[in-house]
Amino acid sequence: GGATTSKVHAAVKIAPQYSGSTIHVLDASQSVPVVGNLLSKKVRDDYIEKMKKEYDKVRDDHGKRKQKKNYVDIKAARNNKLQLNWENGVVKKPNKLGVTVLRDYDLETIGKYIDWTPFFRTWEMSGKYPDILDNPEVGKEARKLFEDAQNMLKKIIDEKSLQANGVFGLFPANSVDNDDIEIYKDDERKRVLTTLHTLRQQTEKTNNQPNVALADFIAPKESGMKDYIGAFAVTTGIGSDELVEKYERDNDDYNSIMVKAIADRLAEAFAEHLHERVRKEFWGYSEDENLSNEELIKEKYTGIRPAAGYPAQPDHTEKPIIFKLLDVEKNAGITLTESFAMNPPASVSGLYLAHPESKYFNVGKISKDQVLDYHKRKGMSIGETERWLRPILNYDEGD
């Protein structure tokens, strides 16, 4: 489970390779009722058969959609890139260049930015907060759950049982022809600190729609325009393992899951709050911004913060580049596993892009020619590149 997997990926790529049951959940904490169904002698067989039919249909629908789509080669996709205005005034130099470390950040401040709707989804309650509290079917249960969450959040803040650390950096940057983004040491732009690699949409477009890559939102080097980019990593999970273990020793599974759910919400809230400070204060391109929490949740602000492993950059191997650039392990206490998951799990990392027309998008499936191009840019073997990009390949490995 998790945001970087999908039901389609589970049905198409995993289920056919596994003799047992393969079931996707939106969040790992939702696996508890799934495991309960699989262990139940009473419902197990019917549940497995129901899920099998459901995933057979997902696989069939995916196959039909895949057959309908046409793709263009990477050269044609780049020729159809998103063309943005890079005239003077579009780009603002950040008020503070370089790396900034934020340790022991105030949890009470972060808590004000929590989006509670995903919290209820963790407990398999569908509905938008605060409307869910008055839902005729689940309202009573939702209100009790929300009260418990508020009590747990207050306890965490009062006892400082979780620690919030963050680090971000704002750097001079420009995009280059092959969809990469060069990050420079200073505004002289003679020394490249590191290079980010982006992936471009290859589905055939109609109605003058562009084939987009994240690099399109950074001024091209040949334009002569001095552009900038940000990177960040935050966590609210320092101390969560000890807190979870304490509840598990007491056989208190409810509060064990509650701690994880609140830590996750706090991490997303920290990312939201820090992005606001960057826009208004550290970068300062939206100094007059004055948005409510609801407007922040709806992303009414200028700029985006795309993360590696998500639809706009579905490659987890970009995370180590960000971590090295910001020295995340030292500055924030977040590490990466062998599969590039962040530890503590209640952590968020990504980039800051500031162009007024920057937006989130889905790269979708890509073709072999882009994979061959990408493996050279990354300095990775073809096999390794295909392994990490497997969910978005529009061909079978080995073709």
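Is Glu289 buried or exposed? With a relative accessibility of 12%, Glu289 counts as buried, because buried means under 20% relative accessible area. The model discussed here is predicted.

## The Arg279–Glu289 pair

Glu289 is the acidic partner of Arg279 in a salt bridge. The closest N and O atoms of the two side chains are 2.7 Å apart.

## Salt bridges and the network

The count of salt bridges in the model comes to 24. Arg78 and Asp179 form one of them, with 3.0 Å between the closest N and O atoms. This pair links distant parts of the chain, 101 residues apart: Arg78 belongs to helix α4 (residues 74-79), and Asp179 to the loop between β2 (163-175) and β3 (180-184). Arg78 has 18% relative accessibility and counts as buried. Asp179 counts as buried as well, at 2%.

Both residues also belong to a network of linked salt bridges. Besides Arg78 and Asp179, the network includes Asp180, Arg200, Asp216, Asp373 and Arg377.

## The Glu318–Lys378 pair

Glu318 forms a salt bridge with Lys378, and their closest N and O atoms are 2.5 Å apart.

Glu318 is buried, with a relative accessible area of 3%. Lys378 counts as buried at 15% relative accessibility.

## The cavity

How many cavities of 30 Å³ or more does a search of the whole structure find? The search finds 1. About 80 Å³ of space lies in the largest cavity.

Glu318, the partner of Lys378 in the salt bridge above, is among the residues lining this cavity. The rest of the lining is made up of Leu196, His197, Thr198, Leu214, Pro306, Ala307, Ala308, Gln313, Ile322 and Leu351. By class, the lining has 7 nonpolar, 3 polar and 1 charged residues. Glu318 is the charged residue, because Asp, Glu, Lys and Arg count as charged.

Terms used: Residues are numbered from 1 along each chain as its sequence is written. This is a predicted model: local features need pLDDT of at least 70, side-chain atom pairs count only at pLDDT 80 or more; totals for chains, interfaces and linings use all residues. Side-chain values use heavy atoms; hydrogens and water are left out. On a 1 Å grid over the protein atoms alone, a cavity is a set of points where a 1.4 Å probe fits but cannot get out, and a pocket is an open set with protein on both sides within 12 Å along at least five of seven lines; lining residues have an atom within 4 Å of a point. Grid points are joined across faces, edges and corners, and a volume is the space filled by probe spheres set on the points. A salt bridge is a side-chain nitrogen of Lys or Arg within 4 Å of a carboxyl oxygen of Asp or Glu. Helices (H or I, at least four residues) and strands (E, at least two) are DSSP runs, numbered from the N terminus. Buried means under 20% relative accessible area, exposed over 50%, partly exposed in between (1.4 Å probe, protein chains only).
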